[in-house]
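Look at the model below before reading on.

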Amino acid sequence: MNLSSLHPDCPDWQRLGPTPADAAVRAQAAAVAGESDERREKWSHGFTRRRLLAGGLGVGVAAVADQLVTTRISWAAPGAESTGTLVVIFLRGGMDGLSVLVPADDPQLLKARPGIAVRGASLIEFGRDFGLHPAMAPLTPLIAAGRLAAVPAVSTPDLTRSHFQAQDCLERGGAARSSVQSGWLDRVIAQLGPGTTFRGLGIGARMTRSLLGPTNPVMLTSLKDFSVKGIDGVAPQTLKALETLYTGIDHPLGVQGLAALQASAKAQSYQQAIQTAPKDRGYPDGEFGASLATLAQLIRNKAGVRVAAVDLGGWDMHTDIGTVENGDLTRSLKTVAEGLAAFTAELGPELDNTTVVTMSEFGRRVEQNGNSGADHGHGGVALVLGGRVKGGVHGRWEGLSPKVLDQGDVPGTNDYRDVLSDVVMGRLGLSEAQAGKVFPGWKPKPLGLMG
């Protein structure tokens, strides 16, 4: 957006001429002016976020920068004491948990998957007669340090093989028929209270459902793009002018507008401190590696990130799950393992204050299909790693005998809310009562994931 168009007295107004963006801002400004009497009446009863948004003043900061349009501003005050950072990685598509956390040489598994089962000799030993897929080898230092945990047979409370329904249930943090509409991470942020602009963070091109709600998290694609777009050559002057404009305004929008601008400036300082590309720091190519690299910089620079969400798709493997030597699953797991290894290494001492949990909407069926893949199933696997994590396999596991399976699927013997409750209480210091507000109607059963 051309920021010089925000005021008609700007010297560049006549030189540049109006643009569609100029017209949109002028039209919205006119609408705001036309509603001033209505706003005055609303504000006479005091300020609230609902009244402020109803009054139409979102345009002030929305016009600051392309990236800040999607943040809706952080409504938090800085300076809250931090208990660390929770990172949630959603592996979209239904990751095959039986190929990641493998019941080593289980005869039922070998019978059901003659072409794709990972054999015990290839596995990374992990305890309780389980092993990890060899593509997870980059995480061996975390395993040796007891900082990687896994929970098998994790599921939503409802047996659904619909991607949309299962993802929606997981990200809302309720049962499929729950009336809860906000995301569970949004409710975590609400329980944590005030923080910095970066306290709730989504990295990627789309807003993660788990972050949707009234806390208004920041969404960004990269530190480089999280910036004020001024006229070429005078962007710093533009930023300074806008900071001056928002400084000293006795109004909620003035405080939050200034916070958003300062967040943009901080993001640029973090970006300028980076001397090498993500690939040169061990991250895999692509958006996933870049997202983790961005997040690591924010955490290392103590930007106040409390919860962060990252997505990685491509796990709907109806065909070519493949073998440990080759196949779609091996390639995808290698991306995850390399990304997490680089992320945890770059965090350094900050890993003590950071916990990562991976989740997927469901697992795959026990029996392989006719295309060397596996169709939508039920129970999957969750991985938890980082600070305060108690390594090894946690939760109930009842095997794969026919009498245990649920319509040919791994049963959901471990509710995903127990996994996430354990993590938010152990990592972020939430009480059981607060966790109950994050997952309404659910009393968490401890799995012992966190120390």
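In which loop is the place of Q368? Q368 sits in the loop between β9 (354-359) and β10 (380-386). The model is a predicted one, and the values here are computed from it. The side chain of Q368 reaches two backbone nitrogens: that of G115 at 2.8 Å and that of I116 at 3.4 Å. Leaving out residues up to four places away in sequence, Q368 touches A112, R113, P114, G115, I116 and G373.

Helix α10 (residues 184-192) is mostly covered, with seven of its nine residues buried. The buried ones are W184, L185, D186, R187, V188, I189 and L192. Just after α10 comes G193, which takes a positive phi of about 85 degrees.

Helix α14 (residues 328-347) has 20 residues, which at 1.5 Å a residue should span 28 Å. Its end C-alpha atoms are 29 Å apart, in agreement with that figure. Because 14 of the 20 residues of α14 are buried, this helix is largely enclosed by the rest of the structure. Just after α14, G348 takes a positive phi of about 60 degrees.

In soluble globular proteins, nonpolar side chains tend to be buried together. Here the largest nonpolar core has 56 residues, of which I89, L201, L295, W315 and F343 touch the most other members. Helix α14 gives the most to this core, with nine residues. Apart from it lies another core, of 33 residues, and W184, A382, L428 and L447 are among them.

The contacts of W315 can be listed too. Not counting residues up to four places away in sequence, W315 touches L91, R92, G93, G94, M95, L329, S332, L333, V336 and R364.

**Rings**

The structure holds two aromatic pairs. One of them joins F130 and W397: the ring centres are 5.4 Å apart and the planes stand at 70 degrees, so the pair is edge-to-face. This pair links distant parts of the chain, 267 residues apart. F130 belongs to strand β4 (residues 130-132), while W397 lies in the loop between β11 (392-393) and β12 (414-415).

Two arginines lie over the faces of rings, as the table shows.

| Arginine | Ring | Distance from the ring centre |
|---|---|---|
| R92 | F90 | 4.1 Å |
| R417 | W442 | 4.0 Å |

Key
Residues numbered from 1 in each chain as written. Predicted model: local features only at pLDDT ≥ 70, side-chain atom pairs only at ≥ 80, totals over all residues. Heavy atoms only, no water. Helix = DSSP H or I, 4+ residues; strand = E, 2+ residues; numbered from the N terminus. Polar contact = N/O pair within 3.5 Å; in protein donor to acceptor, adjacent residues only side chain to side chain. Contact = heavy atoms within 4.5 Å. Buried < 20%, exposed > 50% of the residue type's maximum accessible area, 1.4 Å probe, protein only. Expected span 1.5 Å × (residues − 1). Core = buried A, V, L, I, M, F, W, Y, C linked by side-chain atoms within 4.5 Å. Phe/Tyr/Trp six-rings, centres within 6.5 Å; stacked < 30°, edge-to-face > 60°. Lys NZ or Arg CZ within 6 Å of the ring centre and 35° of its normal.
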